[in-house]
Structures are given as structure tokens and as C-alpha cells.
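Open the model in your viewer and keep the selection panel at hand.

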Amino acid sequence: MTPQTLLAVAASRRRRPLWAVAAGILVHSLAPRAGAQAPTTAPADVQFTVTKASVRGPLISVPKDQGVLVDFTVPLREVRVANAEIADVDVTAPQQLLLTGKTCGTTQLLAVVDGGQQRVFTVVVDPDLERLQASIRATVPRAKVEAQALLDSVVLTGTVPDLESADRILQVTGIYSGKIVNHMRVAGTQQVLLRVTVAEVNRTATRQLGFNGWLAGDNVRDMFTLSNIGQINPSNIGAVGGALANQRIPFAVNEDGIPVGPAPTLSFGFPRVQMQVFIQALRENGLLNVLAEPNLVTLSGQEATFLAGGEFPIPVAQRDSVTVEFREFGVRLHFTPTVLSDNAIRLKVAPEVSEPDYSSAVQIAGYSVPGLIQRRVETVVELGPGQTFAIGGLLSERTRATSQKIPALGDIPVLGSLFSSVRYQSSETELVILVTPEMVAALDPGQVAAVPGGRHVPPNDWELFALGQLEGQPRPAAPAGPAAPASADGAGSTMTLRLRGPVGPAGADEGV
């Protein structure tokens, strides 16, 4: 080291720590000197070997949060666990160690024994399946479920009596493992047939009595009278324009007479007296009976929809055009069943019966759009198979009375009716909606009944044109052997084909 270097090092000691000064001296001493020759030989390559632990070694199963003792026949020098987050190892004796499961998973244990020999073991940490199996048996004794461990998951296989039992088993298994593979199957029938009955009776009654009339003309001088109360048949009568007040004032009506509108039910008059009376006397009774019975089948937990009706257009005015939207009406049914057990079914049901109401129609862009009368209910109920529940009902009574009369004149007994108009309306509505679920299974082909209209026999020419019959007489059964082909109109055929859907023709005595 040159004197200049020593002076620089001595000066730097006053500004830097001792360890920094020493490092600087070491780097300076190792730096190649000017004019020195580089080494002529390259450094030797570093060699290494990778030894992969065998996965076919002995298997050690450890329950989660529990420990197992492993005894060796020779003393242990060193033990290690590949993944300390899955299992932990402690040496309790020269030839014994304790494995503790921490998290579900798989890892490896490396043990070095006397003599330097190495042994590799596979450690599997599983949930406590014995306790889990005992918990499942205690929760649902009728279930035949087996729990198996797969890596960090629990696989459940077997059958349960109902869906509620499956939910209980899943809740219990979730305590032991956060990952569950559900392969359980619900035993028994899981298809539900829902029978819905919508029955409605609507009674209306109307009573009305009113009078309109006029009296005027040459035969009735110096006076005229006119009654338009209730606007049954409004009359227009008055003096002729330009008539002098000091002379007889003639009264005039329409050239063809005062027209009679559709509202009056009776009108009479006296031509010589020039009097006409319009009477509205009405008694009306109405009866509406609605009965709908939609039936629908679906699987437990699946929603089913039924609609028997149609759609009517609704014009929607846009900025520069008119578009058409459609609104459905008819008999509609939405329901979602859940089979809880053999004796309990949970239903989310929404039946609806609707029809267009042209009495409340509105005009939109030149189109007449009717209103919609609806009977709808949506609810969730629980009941057993075959039981019936009334999920909705309505009892409505409405009364409306209107009386219009001329003061004083309308209060005269009997004759006061000529100067009054009375309208009385009453309506009564009874509505009930019943639901009945049933557990059903598929039918065999021999159990399927004939479809509606399957027994219809087309008439031949004599029955149709001569006798005026729209349905022919049943044909005799065909003899044994190949049957003759039936004609399109049924004439000349020996057997009428009775269909029953996708399973082909019905049997000869089916449905009898």
C-alpha cells in the first residue's frame, strides 16, 4: 500500500466508522494492480444433485387438531416436515416422535436415523371422520351417508330421506371442514303435482226508473214544460227566433221530431197536445261464474309455469313511431315445490286468472286498448301430500244508489216519480282459491288414459249431410289380424284410432 493510500485511509477514519475503513482497505487490496496479468485459467463449474423424495413411501394419517405417536426401531438423529403449516413434529424419545395435524392437506416427513440413512413418509392430515360419521348418525339416524376425505375436502355419498335432512348433514359437516362435495341423493319420489282450483261467483243487480219529457205547442198556449233530469233523452225546445213578444210565441222542435236515444226503454206522446214522455225503467240481474283448474307437475326445488290464454296488443307511442307490446291474459300458474319430508311439502305458488275488460278500454294512438280483470294471489304454504289448503278468498258486497229529483215536485207521492230519476246497483262477489299438492311418479304405458277427444269418431257422409250429426257412431272393433287402414274422414274404417300423446295409440279397453 502506497503512502498516499495510507494518508487517505488515516484521513477517512475521522469521517467514517472503523468497519467501513476496513472494508475499503480489503477492496483496495483485492483490486487488480495496474499492469498485472489476468489469470489464465477459468473457475471450475459448480456441480449439484437433486434428490426427489419418493411419494410411494409409507402413509401416516393424522386427524386434524390431533396427534399420533410414531415409533422407530432405531434411534433418530433428525426429523423434518416439508410443510410446517400442515403438520408439526416433535421428538419425544430417541426412537419416538409426535405428529400433530394442523390443517387438512398432504405433506412429507423426512427422518434421518443412525448410520445416516434417510426415510421419507407421506403425512395426510384429514378431518376427524369418525367423529363426523358419529355426528351424522346422531343428527339424521335414517340417513345412509358416508363421509370420505379427499385432499382438503369431505365427500358425502349415500341417500337421505328428505331435503331437510340433507341440509342438516351439510351444516354438521361444515363444522369439520370448509370444503364439502355433496353427492348425497334424496330417496323416494321428488315430483310434485299441484292441483289449483279458482272458483268465483259474481252476482250483480240493477234497478232504475227515470222520466224525461216535454210539453209545448199550439194546443197548450201561454206555457211549455221540459224535463231533462238524469239526461235520459235530452230534449231541445225553444221559441222561434224573431217572434214578437206581444203576439203568440210559437215553439218549434226538430223538423223530424225529437230523436229517441238508446237510453230510454219506453217513450209515448200525444200529438194533438204536442207532448212526449221518455221513460227509463230497467231491472237487470247478472251472474258470472269462473272456474279454472290448472294442474302442473315439476321436480322438487324447480319452478314450473303454466299459461292457458293469449295476448292482446298495447300500442306504445314513441317519439316518431308507434310500437306494439303484448300483455298476456288467461289462466296462469307459477309454483315452486320443496319436498321437506314424506309428509310435508313447501309450496311457493302464484295462481292468476285474468281476462280483457272492454268496458274500461282506453284510446291510445287511435287503438282501443282494453283493461284487464285479474284474480291473483302469491304466497308460501306448507301442507302434506293430498291435503287441500285455501290460500286465498274474497267476499265482497257493494251497493250503490243514486236519486235525482226536482225539489218539491219530486217529493209528491206517486206523481213525484215523473220528476225524479232513481238508480240502484248491488253486486256480490265470492272468490276462493284452493291448492292440493300430491307426490306423483311416472306412469307405465298401460296406465295412461285416453287424451281428451280421443274417443271422437268422425261422421261419414250419411251421418254428416243426411242426419246432421257432427260425431259418428262408434265403429265395431277390428277382427284379429292386420287391421285395414283408416280413411281420413273415418268412413269405411273398422276401428277409430285413439291417441294418448307420445306413447302411441291406446289399448282397446283403455279408459273403459
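Which residue in β7 is the bridge partner of Ile60? Select Val123: in β7, that is the residue bridged to Ile60.

Before moving on, some ground rules. This is a predicted model, in which local features need pLDDT of at least 70, side-chain atom pairs count only at pLDDT 80 or more, and totals for chains, interfaces and linings use all residues. Residues are numbered from 1 along each chain as its sequence is written, and side-chain values use heavy atoms, with hydrogens and water left out.

**Stop 1: the sheet**

Select residues 118–126. This is strand β7, which pairs with β1 in the parallel sense over 5 bridges. Two strands pair if DSSP finds at least two bridges between them. Strands are DSSP runs (E, at least two residues), helices are runs too (H or I, at least four residues), and both are numbered from the N terminus.

The open sheet has 4 strands in the order β1-β7-β6-β3, and its pairing is mixed. Look at the edges: β1 (59–63) and β3 (76–81) each have a single partner strand, so one side of each has no neighbour in the sheet. From one strand to the next, the twist averages 25 degrees.

**Stop 2: Val145**

Go to residues 144–150. This is strand β8, and Val145 lies in it. Is Val145 buried or exposed? Its relative accessibility is 8%, so Val145 counts as buried. Buried means under 20% relative accessible area, exposed over 50%, and partly exposed in between (1.4 Å probe, protein chains only).

Show the surroundings. Beyond its neighbours within four places in sequence, Val145 is in contact with residues including Gln133, Ile136, Leu156, Val160, Ile169 and Met184. Contact means heavy atoms within 4.5 Å. Then select Ala166, 21 residues from Val145 along the chain; their C-alpha atoms are separated by 9.6 Å.

**Stop 3: two helices**

Select α3 (residues 129–139) and α4 (residues 163–176). They pack at an angle of about 155 degrees, with axes 10 Å apart. That makes α3 roughly antiparallel to α4, the term for angles over 145 degrees. Axes are lines fitted to C-alpha atoms over the stretch in contact, and angles run from 0 to 180 degrees between N-to-C directions.

Show the side chains. On α3, the contact is made by Arg131, Leu132, Ser135, Ile136 and Thr139; on α4, by Arg168, Ile169, Val172, Thr173 and Tyr176.

**Last stop: the whole chain**

Zoom out. The chain has 5 helices and 24 strands. Of its 512 residues, 29% are buried.

Conventions:
Angles under 35 degrees count as roughly parallel, over 145 as roughly antiparallel, 65 to 115 as roughly perpendicular and the rest as oblique.
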